[in-house]
Amino acid sequence: MNYDAEERRIRLRQEKAPGTPAIVVGIDGSATSWDAFAWAAGEAVRTHGHLVAVYVMPYAEPTAILAAPYAYGAAASSRQELADEIKADAVRRAGDAGVPMSFVSEYGDAIGTLTEIARTVDAHLIVVGRSAKRWHRLTGSLGHRLTCRKDAPVVVVVP
């Protein structure tokens with residue numbers, strides 16, 4: 001995979017019209033992330049803003065960490081296919097809402113990637129869906145960890 005972070009930053013800056021508020025929304029294909037996307041799209045319509053949808057892919061699968069048999073090539077291919085499906089769905093939903101949107105898919109940590117992209121586009125808001133995983137009540141969800149940072153205002157959408 002050929003990845004150039006600086007090229008992505010330049011492209012994101014060019015896609016957003018000057019003076020329009022940018023709203024970064026984290027999506028992962030779950031129902032709660034699509035609720036967050038819908039809320040962020042509505043906010044973009046209300047503020048005449050630009051939506052930046054972000055899908056963060058993990059560097060490694062949990063099965064690889066547990067030393068289970070793992071096909072790296074197949075996993076990377078399936079992650080890219082999932083990213084393409086999420087992008088197509090996001091483009092369709094943004095078109096239905098009449099909102100200009102950019103899509104970014106990256107490997108990495110969700111918190112670091114969302115905050116870096118928010119800084120890159122000078123986002124006025126970061127929107128994520130509430131985690132539906134039980135173990136996040138103990139370890140802390142993405143939304144909770146984002147609200148502890150001071151990079152941009154954060155909205156956690158609860159369905």
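**Entry 1: before starting**
I am working from a predicted model.

**Entry 2: Thr 115**
I began with Thr 115 and asked which helix holds it. I found Thr 115 in helix H5, which covers residues 110-120. Then I wanted to know which backbone oxygens the side chain of Thr 115 reaches. One belongs to Ile 111, at 2.9 Å. Another belongs to Gly 112, at 3.1 Å.

**Entry 3: Ser 131**
I moved on to a loop. Ser 131 sits between strand E4 (123-129) and helix H6 (136-139). With a relative accessible area of 25%, Ser 131 goes into my notes as partly exposed. I also looked at Ser 131 together with Ala 31. The two are 100 residues apart in sequence, yet their C-alpha atoms are 10.0 Å apart in space.

**Entry 4**
How many salt bridges does the structure hold? I noted 4. As a reminder to myself, side chains of opposite charge can pair when their charged atoms come close. I took Arg 46 and Glu 43 to begin with: they form a salt bridge, and their closest N and O atoms are 3.1 Å apart. Both are in helix H2 (residues 31-47), and because they are 3 residues apart there, about one helical turn separates Arg 46 from Glu 43. Arg 46 has 53% relative accessibility, so I marked Arg 46 as exposed.

Which side chain meets Arg 92 at 2.6 Å, N to O? I found Asp 89 there, in a salt bridge with Arg 92. Both residues lie in helix H4 (residues 72-97), 3 residues apart, or about one turn of the helix. Arg 92 comes out as partly exposed, at 45% relative accessibility.

Arg 92 also forms a salt bridge with Asp 96, where the closest N and O atoms are 3.4 Å apart. Asp 96 and Arg 92 are 4 residues apart in helix H4, so about one helical turn lies between them. At 62% relative accessibility, Asp 96 counts as exposed.

Conventions: Residues are numbered from 1 along each chain as its sequence is written. This is a predicted model: local features need pLDDT of at least 70, side-chain atom pairs count only at pLDDT 80 or more; totals for chains, interfaces and linings use all residues. Side-chain values use heavy atoms; hydrogens and water are left out. Helices (H or I, at least four residues) and strands (E, at least two) are DSSP runs, numbered from the N terminus. A polar contact is a pair of N or O atoms within 3.5 Å; within protein, one must be able to donate a hydrogen and the other to accept it, and residues adjacent in sequence count only if both atoms are side-chain atoms. Buried means under 20% relative accessible area, exposed over 50%, partly exposed in between (1.4 Å probe, protein chains only).
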